[in-house]
Amino acid sequence: MRSLPLPLALTARLSPVVVLAAAGWSLTSGPFAPTPTAGHESASTTPDSSASESSSSDGSGSGSGSGSGSGAAVKAYAAAPTPCTSVAVKTIESLVPGAKTDGKEIPSTDTKARRTCSWNALKGFDYRWLDVSFEVLDSEQSADKTYKERIAEKSGGGAVPGLGDTAYSIVNLTTEDKQQTREGEVIVRSSNALVVVTYNGSDFETKKAPSTDEINKGAIKAAKDAMTTLAGSAKS
């Protein structure tokens, strides 16, 4: 027995989307901000998750390594690419069924340095949300420092071999009012740029979340597409 008629219940659950869409660059955690359950789910260290999904050809050649000995700052990318065309249409259709494939770019105070696109849709009772963000820093060293700081704030995930110069993925399960949401995040560094992909989902009928494997593989797939776009934007 539902406490609200179904349309009102879904509206109540989806109302945070409007708030988050107005948050600009800070939007990284999908349509909900529920209270975390115990711990993180490590998805990238199992044979069937990110390690098996990674590819050595996806964006791995764009950087020259953070250990460059030259005095000049290494900077392969001059500006963030257009995010809403960074993921293939077939990928969007697969990961976010029912979403408009052109996405929605989130306003940024500096579009040269950072840009984000979001896709979200409710199909039946299944909700999916995908964010893809590009951030271009002043140097490879700055990007590497920022990447390491962000990874240090997380636990329970693991490396994604072969994606960019270095990459990390993590999957979390959260629950609010007995509704589960599972969210995956992939952070990739390539030279002086960072790519951050956030992908999450919920089933409003069963109140269950998609599997760890589904969310992790989906986030990595979107990250691969985004890395291809980033590599194409490198300075010649």
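Analyst: What follows goes through the sheet strand by strand and then turns to the helices beside it. This is a predicted model, in which local features need pLDDT of at least 70 and side-chain atom pairs count only at pLDDT 80 or more, while totals for chains, interfaces and linings use all residues. Residues are numbered from 1 along each chain as its sequence is written, and side-chain values use heavy atoms, with hydrogens and water left out.

The sheet is open and has seven strands in the order 1-2-3-7-6-5-4, with antiparallel pairing. Here strands (E, at least two residues) and helices (H or I, at least four residues) are DSSP runs numbered from the N terminus, and two strands pair if DSSP finds at least two bridges between them. At the edges are strand 1 (104–106) and strand 4 (158–159), each of which pairs on one side only.

Strand 5 pairs in turn with strand 6, in the antiparallel sense and over 11 bridges, and Tyr-168 has Ile-187 in strand 6 as its bridge partner. In the hairpin of strand 5 and strand 6, two residues lie between the strands, and Asp-177 takes a positive phi near 50°. Nine bridges then join strand 6 (residues 179–190) to strand 7 (residues 193–203), again antiparallel, with Ser-190 standing opposite Ala-193 in strand 7.

Helix 6 packs on this sheet, touching strand 3, strand 5, strand 6 and strand 7, and its direction makes about 150° with that of strand 7. Contact here means heavy atoms within 4.5 Å, and axes are lines fitted to C-alpha atoms, for helices over the stretch in contact, with angles running from 0 to 180 degrees between N-to-C directions. Helix 5 (residues 140–152) lies across strand 3 (126–136), strand 5 (166–176), strand 6 and strand 7, running at about 155° to strand 6.

The buried residues of helix 6 include Ile-215, Ala-219, Ala-222 and Leu-230, where buried means under 20% relative accessible area, exposed over 50% and partly exposed in between (1.4 Å probe, protein chains only).
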